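Dear colleague,

I am passing on a structure for you to look over. Notes on what was found in it follow below.

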Amino acid sequence: MNSIVSFRLCKLSDEELLEKVDKMTDEMFQKREIPTRHIPAKPDSDYDLLVGELVMRFNERIKKDNK
């Protein structure tokens with residue numbers, strides 16, 4: 001997962017990122033549809049890239065906190 005966001009182009013704040021992933025996850029299960037992926041990719045809109053960014057940020061915080 002981390003390789004798809006290695007360029008770190010997401011410009012959302014932590015709060016915006018959490019809110020967007022939460023909302024899109026809810027919508028995915030309510031609508032029973034897989035979110036659209038764009039070409040070219042949209043780092044602030046594509047679900048897979050948003051989840052990847054969330055994982056990267058979380059992983060960085062865990063590593064920082066464990067030092």
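Proline 40 sits in the loop between α1 (14-31) and α2 (47-65), where helices are DSSP runs of H or I with at least four residues, numbered from the N terminus. The peptide bond that joins isoleucine 39 and proline 40 is cis, with omega about 0°.

This is a predicted model, in which local features need pLDDT of at least 70 and side-chain atom pairs count only at pLDDT 80 or more, while totals for chains, interfaces and linings use all residues. Residues are numbered from 1 along each chain as its sequence is written, and side-chain values use heavy atoms, with hydrogens and water left out.

Most residues other than glycine have a negative phi, and most peptide bonds are trans. Arginine 32, in the loop between α1 and α2, has a positive phi of about 55° although it is not a glycine, and at 77% relative accessibility it counts as exposed (over 50%; buried is under 20%, partly exposed in between, with a 1.4 Å probe and protein chains only). Arginine 8, in the segment before α1, also has a positive phi, near 55°, and is partly exposed, with a relative accessible area of 30%.

Best regards

How values were computed:
Helix = DSSP H or I, 4+ residues; strand = E, 2+ residues; numbered from the N terminus.
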